[in-house]
Amino acid sequence: MNEGAKGREAQRRYGPLGRALVIIPTFNEAENIKKIVSRVRAAVPDADVLVADDNSPDGTGKLADELAVEDEQVHVLHRKGKEGLGAAYLAGFAWGLEHEYGVLIEMDADGSHQPEELPRLLTALKGADLVLGSRWVPGGRVVNWPKYREFLSRGGSTYSRLLLGIAIRDVTGGYRAFRAETLRGLGLSEVASQGYCFQVDLARRAVAAGYHVVEVPITFVERELGDSKMNRNIAVEALWRVAGWGLSDRANRFRGRSTP
Ligand SMILES: Nc1nc2c(ncn2[C@@H]2O[C@H](COP(=O)(O)OP(=O)(O)O[C@H]3O[C@H](CO)[C@@H](O)[C@H](O)[C@@H]3O)[C@@H](O)[C@H]2O)c(=O)[nH]1
């Protein structure tokens with residue numbers, strides 16, 4: 001089949017946005033990986049799944065390989081070691097763009113993001129360039145999250161919003177749907193953020209590039225199994241990187257240059 005025919009066939013089968021890929025980064029998620037992949041496959045049967053595993057010592061990568069053997073719509077990207085959430089997503093995006101997916105989705109492995117909400121995100125993407133699952137817009141909520149995490153997350157979003165001057169309520173969230181063209185326009189080769197501030201970096205780049213960003217309310221449920229990888233280094237990286245972006249974005253705007 002030539003490229004044009006392939007494109008038409010994909011449109012017929014998957015709709016105008018094309019085939020979707022749900023990227024799930026993992027580090028030590030052995031207790032969660034099988035359940036989340038089967039929930040995603042049930043919620044959006046046409047979508048493929050890519051597990052981007054950082055050589056988890058608990059064998060998550062091996063479990064993901066077992067899933068990929070059973071189901072040809074599940075793929076695994078084995079990375080050599082723990083390099084942070086940002087690096088895992090960048091590798092996943094590169095894989096997805098290379099394999100010509102029309103929509104790329106970010107989702108945590110631990111069940112915090114409800115796969116059953118995916119159809120809503122995909123519907124919203126028909127009228128947007130980037131859809132952010134949002135805990136902090138009306139209708140969004142968190143369940144069983146310790147008060148200090150909610151405080152940190154809300155504080156991180158407010159800090160980022162004020163410093164960067166962007167009108168997004170949940171800037172740090174990690175449940176997102178991108179059109180492939182949007183990702184291509186974000187200058188991913190220049191992204192250096194490793195931890196969770198990677199999410200802030202992509203949001204600010206999308207706003208600066210003039211993309212239509214829409215927040216859709218989601219219910220974020222605290223994980224029942226395994227541990228969060230949030231730590232002091234991730235929080236400190238977010239503090240200094242966001243402050244630096246705030247300064248450089250403002251300086252660029254002052255000089256009349258596009259940012260970032
Ligand atoms: N491959 C890889 N995956 C990672 C790494 N660090 C974390 N992950 C994976 O990234 C997902 C999120 O990590 P958690 O540690 O569970 O995050 P959280 O504390 O619940 O995170 C919250 O904050 C993040 C930053 O804002 C959000 O991205 C996330 O949606 C959620 O709101 C999980 O699937 C986890 O295995 C890493 O270094 N490498």
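The model is predicted, so local features need pLDDT of at least 70 and side-chain atom pairs count only at pLDDT 80 or more, while totals for chains, interfaces and linings use all residues. Residue numbers start from 1 along each chain, following the sequence as written.

**Domain and ligand shell**

Let's start with the annotation. An unreviewed UniProt entry puts the feature "domain: Glycosyltransferase 2-like" at residues 22–184; such positions are given in the numbering used here, feature names are shortened, and annotations may be inferred rather than shown by experiment. That stretch of chain is 41% helix and 20% strand, with its end C-alpha atoms 17 Å apart. Helices (H or I, at least four residues) and strands (E, at least two) are DSSP runs numbered from the N terminus.

Now for the ligand. There are 24 residues around the ligand, and P25, A88, A109, G174 and Y196 come nearest; a residue is near if its C-beta atom, placed from the backbone, lies within 6 Å. At least two shell residues come from each of β1 (20–26), β2 (48–53) and α4 (85–98). The shell splits into 9 nonpolar, 8 polar and 7 charged residues. Here Ala, Val, Leu, Ile, Met, Phe, Trp, Tyr, Cys and Pro are nonpolar, Asp, Glu, Lys and Arg are charged, and the others, Gly among them, are polar.

**Helix pairs**

Axes are lines fitted to C-alpha atoms, for helices over the stretch in contact, and angles run from 0 to 180 degrees between N-to-C directions.

| Pair | Axis distance | Angle |
|---|---|---|
| α8 (197–208) and α9 (232–254) | within 9 Å | roughly 20° |
| α6 (147–164) and α9 | 8 Å | about 20° |
| α2 (33–43) and α3 (60–70) | within 10 Å | roughly 35° |

With that angle, α6 is roughly parallel to α9, and α8 and α9 are roughly parallel too; the label is for angles under 35 degrees, with over 145 roughly antiparallel, 65 to 115 roughly perpendicular and the rest oblique.

Which residues in α8 and α9 meet? C197, V200 and R204 in α8 meet E237, A238, R241, V242 and W245 in α9, where contact means C-beta atoms, placed from the backbone, within 7 Å. This contact has 5 nonpolar, no polar and 3 charged residues.

On α6, residues G156, Y159, S160, L163 and L164 meet A238, V242, A243, W245, G246 and D249 of α9. By class that gives 7 nonpolar, 3 polar and 1 charged.

Finally, α2 passes α3 in a right-handed crossing. I33, K34 and V37 in α2 meet T60, L63, A64 and L67 in α3, dividing into 5 nonpolar, 1 polar and 1 charged.

Note on methods. Contact = placed C-beta atoms within 7 Å. Left-handed = near helix turned anticlockwise from the far one by under 90°.
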